[in-house]
Amino acid sequence: MLNILKMAAKNLARYRRRTLLTSILITLGVVAVLLFVSVSGSFKAMMIGQITDSMLGHLQIHRKGYLASIDSLPLNKNITQKQLNKVEEILAAEEAIESYTMRIKLGAMFSNYAETTNIRLNAVTPDRELQSMPLLADRVIKGEKEGLLAKGEILLPELIAKGMQVKVGDSIVLVANNKDGSVNGQSFAVRGILEGITGPGGRDGIMHMEDARELLRIEEMEVSEIAIRLKNIDQMGVVFSSLQEKLGAMTNKEGKPVFEIHTWEKLSPFYNIAKMIDLMTLFIKIMLVAIVLVSIMNVMIMAVYERVNEIGTIAAIGTRPGKILALFVTEGFLLGILGTMVGTIISLIAIAGMNASKITFDFGRQTGLQLTPTIDSAEVITVVLIVIGIAVLGSLQPALKAARMDPITALRHV
Amino acid sequence: MPLVEAKQLEKTYVSGDIEIKAIRGVDLTIEPASFVSFIGPSGSGKSTLLNMIGCLDPPTSGQLTVAGQDITKLDRNTAADFRGNTIGFVFQDFNLIPVLTVYENIEYPLLMVQKLPAPERKKRVFALLEAVGMADQAAKYPSQISGGQKQRVAVARALVTNAKLVLADEPTANLDRDTANRVIDMMKQMRDEFQTTFIFSTHDPKIVKNAEIIYTIEDGKLQRTINENGGNHA
Ligand SMILES: Nc1ncnc2c1ncn2[C@@H]1O[C@H](COP(=O)(O)OP(=O)(O)O)[C@@H](O)[C@H]1O
Ligand SMILES: [Mg+2]
């Protein structure tokens with residue numbers, strides 16, 4: 001085996017320029033794939049983190065039909081106290097859930113005493129909301145983040161604050177319709193300004209749950225939405241199925257399910273972007289495979305063709321066909337290893353370099369997001385194995401051709 | 001027991017509708033440690049006969065045993081092993097492996113075919129380098145030595161496996177007369193030293209006078225001559 005490796009290495013060294021060109025091609029391919037995977041992966045992970053950790057959570061539960069009419073924020077599709085008790089029982093039994101937060105979503109008239117506009121609000125219990133949405137506090141760009149807000153305070157979305165020229169500490173009035181149609185108004189102090197994010201609820205204001213119940217004159221506990229944070233996002237599929245089964249078992253008098261449950265993927269348009277990124281990654285990997293396959297095959301076909309006489313000689317003096325096959329496959333294998341190793345090293349250095357230079361980018365209205373590309377070793381190993389595997393595969397056909405050559409014909413070849 | 005024994009050996013090539021009877025009924029017996037030459041004009045069937053004896057090309061019909069083994073029906077691996085262990089080859093174009101040094105070229109069959117341990121390999125390679133007078137050129141690459149030297153290395157490579165039979169198809173065709181004579185002399189010396197049988201082919205009557213047993217081939221048929229003067233050409 002060692003001898004075959006040595007022979008193969010010597011033959012690669014014989015055509016130094018060709019070996020170099022082919023390995024550079026493979027190197028470039030590997031670098032392209034690893035950098036793309038790491039940059040797009042970190043972008044994806046960060047965006048998903050932003051979405052799930054500051055607004056959506058990993059899973060959400062609503063009354064059946066709520067999401068279909070979410071634009072009008074209907075109060076009559078809230079989860080009632082009795083239903084909530086059952087849901088909370090189910091959630092408590094689910095080990096993988098870290099925490100969950102309950103919200104009343106409402107629409108209101110917003111007045112700064114001079115002008116009015118519409119505002120959409122999430123009414124939350126601050127400590128529960130902060131526990132389940134660890135990145136939420138970071139969205140408070142003006143005002144005190146600590147504790148989110150207290151009773152009588154409101155967090156205003158950036159756009160409304162700007163449009164209505166309201167500052168932190170100002171007093172404003174909210175007027176809302178109750179479930180029964182009557183109107184109620186209350187004044188609030190602006191506690192802070194919230195940065196907008198992409199996706200549903202990304203431009204909503206935040207108020208205290210108890211204020212909302214007063215404003216809406218809700219006597220019993222009721223909520224529009226339950227957002228769930230899992231200990232590990234990888235468990236989302238399992239928890240989703242488990243909850244869907246348990247919640248689906250709860251039906252109304254007509255036998256229809258009472259609740260609906262969704263993953264963040266179903267709720268956020270970013271999921272499609274994430275899918276697109278995955279698809280692009282796949283395309284780039286296919287390109288890499290094609291590059292490696294074509295370049296290795298090309299080189300190895302040439303190598304076999306140039307060495308017909310030599311193949312005839314070693315076959316005549318007793319080298320078994322299997323060994324001739326191994327010789328050429330090893331050459332392709334070494335070429336693959338060479339290109340992959342250099343490519344991997346360059347990629348890892350480049351990734352470290354990108355982290356060191358703190359590259360930032362903007363996504364929608366979010367600015368100054370820092371790119372922290374990482375790549376897990378499993379991904380590196382996968383790419384390395386694919387490339388080396390393809391290199392072997394690409395040299396297999398030429399190597400077989402060499403192994404099957406009739407020594408006399410090969411020796412006569414000029 | 002003869003080393004090579006052929007009875008009614010025939011080889012017919014078929015290309016398209018044309019049949020070429022390259023060897024037509026050859027009977028042949030070669031004893032161990034002989035120094036044999038096949039002489040005949042181009043196209044007479046020398047290579048065909050050597051290839052059959054060398055287990056590179058199966059005969060169309062007839063019997064052929066080499067070193068006691070029937071070699072008419074061997075599969076590829078068995079044939080390769082048989083060649084690697086029993087037969088040495090010397091080619092017209094030397095056919096050394098260009099990426100290997102003189103030393104490595106001679107070592108190649110021990111490494112890739114016979115898989116001998118390193119100390120044994122070293123001993124044998126050095127012995128052969130000495131025997132063919134190439135010890136001082138061991139580190140050179142084939143491109144750095146002359147044709148005659150290349151053929152010496154090729155003979156060493158053929159002998160290093162302790163082959164019983166060395167087949168040389170026109171080994172002197174690419175050498176000038178002087179060098180050719182010296183290579184043939186050297187082969188004969190090797191025969192004396194290692195008791196290896198040599199069969200070489202040539203179309204050059206002046207070269208053949210070095211042989212002890214001469215087979216003249218014409219149109220695929222053999223005629224045997226004992227060369228009483230064999231070896232005393234000088
Ligand atoms: N592979 C082959 N296919 C068809 N004809 C062949 C083949 N090899 C040799 N021949 C024919 O067989 C005859 C003998 O050839 P060869 O043994 O090469 O002669 P020599 O070596 O004496 O020059 C020639 O007529 C040659 O054309
Ligand atoms: Mg010939």
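## Surroundings of ligand 1

In this predicted model, ligand 1 lies between chains A and B, and the residues that surround the ligand are A:Arg412 together with B:Tyr13, B:Ile20, B:Ala22, B:Pro41, B:Ser42, B:Gly43, B:Ser44, B:Gly45, B:Lys46, B:Ser47 and B:Thr48.

Three residues of that group, B:Lys46, B:Ser47 and B:Thr48, can be described through their distances to oxygen atoms of the ligand.

## Extent of the contact between the chains

The contact between the two chains takes 26 residues from chain A and 23 residues from chain B. About 2,200 Å² is buried between chain B and chain A, and carbon and sulfur atoms give 61% of this area. On the side of chain B, the residues B:Arg76, B:Val99 and B:Met112 supply 27% of the area that this chain buries against chain A, which is more than any other three residues supply.

## Polar and charged links across the interface

Ten residue pairs, both members at pLDDT 80 or more, are in polar contact between chain B and chain A. The side of chain B that touches chain A draws at least two residues from each of two helices of chain B, H2 (76–86) and H3 (102–113); H2(B) gives the largest share, six residues. By class, the residues on this side of chain B comprise twelve nonpolar, four polar and seven charged.

Two salt bridges are found across the interface of chain B and chain A. In a salt bridge between B:Asp81 and A:Arg320, the side chains meet at 2.5 Å, N to O.

## A salt bridge within chain A

Over all chains the structure holds 28 salt bridges. One of the salt bridges joins A:Glu306 and A:Arg18, whose closest N and O atoms are 3.1 Å apart.

Note on methods: Residues numbered from 1 in each chain as written. Chains lettered and ligands numbered in written order. Predicted model: local features only at pLDDT ≥ 70, side-chain atom pairs only at ≥ 80, totals over all residues. Heavy atoms only, no water. Contact = heavy atoms within 4.5 Å. Buried area = accessible area lost by both parts, 1.4 Å probe. Salt bridge = Lys/Arg side-chain N within 4 Å of Asp/Glu carboxyl O. Polar contact = N/O pair within 3.5 Å; in protein donor to acceptor, adjacent residues only side chain to side chain. Helix = DSSP H or I, 4+ residues; strand = E, 2+ residues; numbered from the N terminus. Nonpolar A, V, L, I, M, F, W, Y, C, P; charged D, E, K, R; others polar. Near = heavy atom within 4 Å.
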